[in-house]
Amino acid sequence: MRVPVLGLPVAGLLITSVGMYAPSLGNPDNAAVVARWGARTGRNPSAVTLQGWDAMRVIDAALARGGDLARRLGELGELAGPRGPFRLNDQHDPVQNWYARKYQNGVNSVIATIPP
């Protein structure tokens, strides 16, 4: 098997990266999303998938509180989710863990968690 974009064989290939999400994160929310996404697409969710998932969860939680959406977004506090705990700062940007990831022999794994 080869990595199509790189044209390199998968066997022995080691890629390390840092990102805001990894499908191999070991929490119940992530396991549920990976299972649901995989059942529908046959693939793991990407970081972009998780951004959309979390955006809808955050908006839903804020709307459930009623009133001004922007104000309620600022009041949410820390939320659990597939990418681990996160909160929104005063500008509504996520404050979250980042993950050092390793891809080797077709397996993605998290090798370190980098706190905010």
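Here's a quick tour of a sheet, a pocket and a few ring contacts in this structure. It's a predicted model, where local features need pLDDT of at least 70, side-chain atom pairs count only at pLDDT 80 or more, and totals for chains, interfaces and linings use all residues. Residues are numbered from 1 along each chain as its sequence is written, and side-chain values use heavy atoms, with hydrogens and water left out.

**The sheet**

- Three strands make an open, antiparallel sheet in the order 3-6-7; strands here are DSSP runs (E, at least two residues), numbered from the N terminus, and two of them pair if DSSP finds at least two bridges between them.
- Strand 3 and strand 7 (107-114) sit at the edges with a single partner strand each, so one side of each has no neighbour in the sheet.
- On average, neighbouring strands of this sheet are turned by 20 degrees against each other, direction ignored, using axes that are lines fitted to C-alpha atoms.

**Who pairs with whom**

- Strand 3 and strand 6 run antiparallel over six bridges, and Ile-15 has Tyr-103 in strand 6 as its bridge partner.
- Strand 6 and strand 7 also pair in the antiparallel sense, over seven bridges.
- Across from Tyr-99 you'll find Thr-113 in strand 7, while Gln-104 stands opposite Val-107 in that strand.
- The hairpin of strand 6 and strand 7 has two residues between the strands, and there Asn-105 takes a positive phi near 50 degrees.

**The largest pocket**

- A pocket is an open set of points on a 1 Å grid over the protein atoms alone, where a 1.4 Å probe fits, with protein on both sides within 12 Å along at least five of seven lines; lining residues have an atom within 4 Å of a point.
- The largest one holds about 270 Å³ of space, taken as the space filled by probe spheres set on the points, which are joined across faces, edges and corners.
- It has 14 lining residues, and the closest to its centre are Pro-23, Asn-44, Arg-101, Tyr-103 and Asn-108.
- Strand 3 (14-19) and strand 6 (98-104) are the elements that give two or more residues to this lining, and strand 6 gives the most, with three.

**Rings**

- Arg-83 lies over the face of Phe-86, at 4.8 Å from the ring centre; the rule asks for NZ of Lys or CZ of Arg within 6 Å of that centre and within 35 degrees of the ring normal.

Terms used
Helices (H or I, at least four residues) and strands (E, at least two) are DSSP runs, numbered from the N terminus. Axes are lines fitted to C-alpha atoms, for helices over the stretch in contact, and angles run from 0 to 180 degrees between N-to-C directions.
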